[in-house]
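Please read it alongside the sequence and the coordinates.

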Amino acid sequence: MLSINCPWCGARDETEFHYGSQAHVAYPENPETLSDEAWAHYIFFRDNPKGWFQERWVHTAGCRRWFNVWRNTVSHQFGPSYKPFTPAPARP
Amino acid sequence: MSGPLTRRRTAELPEHPDFLWRKPQLKKSYDVIIIGAGGHGLATAYYLAKNFGITNVAVLEKGWLAGGNMARNTTIIRSNYLWDESAGIYEHSLKLWENLEEEVGYEMFFSQRGVMTLAHSVGDVRGKQRNFYANKVNSIDTEWLTPEEAKKVAPILNISDTIRYPIMGATYQARGGIAKHDWVAWGYAKAADDMGVDLIQGCEVTGIKVDNGKVQGVETNLGFIAANKVALAAAGHTSTLTQMAGFRVPLQSRTLQALVSELLEQVLDTVIMSGAVHVYVSQAHKGELVMGAGTDAFNSYTQRGGVHVIEHQLAAACELFPIFSRAHLLRTWGGVVDIAPDASPILGLTPVENLYINSGWGTGGFKATPGSGWVYADTIANNAPHALAKNYSLKRFTTGHLIDEHGAAGVAH
């Protein structure tokens, strides 16, 4: 089980959290002008890197807040967690 | 490729049978390069050679033959999916399974012992009955079982209505079953090798060369290999390969775990799945209980998962089968599965000419091995999607014609 660092609550067991996939996927700025292909990429396509990944988690069984974190998909090593709307720390 | 079956005693634990195929000298170029010598890659090579006479083919494998998800799955075979597209390809696959050992001349312990899928709530019953009727419409064999009828098929099943998630009914596909996964791969490998396909182990693709939108070959740790056509069959590593070729795919790589108990007397001669309490179980020929459940929650390439996921599925198993509570866990492992947003495969052409994709089989690729190989070989040979692959193209994420099999896939993703 992962030990995940919630930026509000500190390190907690993975079972307290739910996964939110890739972080920093912004809602399209001009949705009314978006092509079907661009919509497809916004809705269905996410990065799937082998290595460091910026992803979202929500502390469901704790403070119930969303946050972002760097995690390595090859080693399960965590980098820094950070709150939404704060600048992302550099890749570990 | 008919001939006497290569028989072995079931109790034997063979070494990796490299004697079944040549150790070929890598050529500088091939008509077709298949990336990934798992079940789907090997089946594709076999059908390219057998159905189309295309034998100047290399199957490149970065590890050892069939050592990825092909070595890590729970070997369940069935075709009772919900949508017409799925019925088409999975049923085609099941029909191929039914004659596969004779066809390739290699024993695979294919056993049509039935697959039962349990329903545990009113909503679950409605969902499973919808699936049951959809199967009927598609001429896929299926039965609806009451709890009592389910218990007749599997007497160790707990059908008490006082357990937390009582069994309220089940679908049953009698033609479903299991096979011995390694032997399936070895059978395809041997038969493909016999027809002249080069199986190259320890060859990792590090780049895909594309010129003017057309694939030219692959860079590997053994040097550049030219190819007229390149076919991806790399499951959880598909998106790392498409990145090399310069396009994205809507796939996420997750860990899917499985486990076995120690060897026990035979107590279960069918396959039982429950999506709601989350476990699927069969008993292998030697006697070990083979179980799996859903994926771990997050993206991972580690082939490792959390113990709490195992704990969850064992809790479900012990409630459904009280007799399992004294069994010991012998081994657990994980594979890297590639999951598409609609839990259906992506099979067909790509934005790069002569580069083909077969991926997204997610948590259920084993059953599809023959059908996937057949359809993919046809798609590669004709440079056009096979009729059964038409709706599995990458384009469906743009058109919105998704093939949503989250329910019928049997497990949560």
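1. For the charge counts, Lys and Arg are taken as positive and Asp and Glu as negative, while His and the chain ends are not counted; the place of a charge is NZ of Lys, CZ of Arg, CG of Asp or CD of Glu. On that basis chain B carries 36 positive and 39 negative side chains, and the centres of the two sets lie 2 Å apart. In chain A there are 9 positive and 9 negative side chains, with 10 Å between the two centres.

2. The model is predicted, so local features need pLDDT of at least 70 and side-chain atom pairs count only at pLDDT 80 or more, whereas totals for chains, interfaces and linings use all residues. Residues are numbered from 1 along each chain as its sequence is written, chains are lettered from A and ligands numbered from 1 in the order in which they are written, and side-chain values use heavy atoms, with hydrogens and water left out.

3. Chain B contains 10 helices and 18 strands (DSSP runs, H or I of at least four residues for helices and E of at least two for strands, numbered from the N terminus). Its radius of gyration, 21 Å, is close to the 22 Å that the globule rule gives for 413 residues, so chain B is as compact as a globular protein of that length; the radius is taken over C-alpha atoms, and the rule is 2.2 Å times the number of residues to the power 0.38.

4. Of the 413 residues in chain B, 60% are buried, where buried means under 20% relative accessible area, exposed over 50% and partly exposed in between, with a 1.4 Å probe and protein chains only. In chain A, which has 92 residues, the buried share is 36%.

5. Chain B is divided into domain 1 (25-74 + 182-251 + 341-409) and domain 2 (112-176 + 252-338), with bounds from an automatic or database domain assignment. Their C-alpha centres are separated by 29 Å, and 19 residues of domain 1 are in contact (heavy atoms within 4.5 Å) with 19 residues of domain 2.

6. B:Ala276 sits in the loop between β13 (271-274) and β14 (279-283) of chain B and is partly exposed, at a relative accessible area of 45%. Leaving aside residues up to four places away in sequence, B:Ala276 touches B:His120 and B:Asp124.

7. Chain A has 1 helix and 6 strands, which run β-β-β-α-β-β-β from the N terminus. Its C-alpha trace spans about 45 × 30 × 25 Å along the principal axes.
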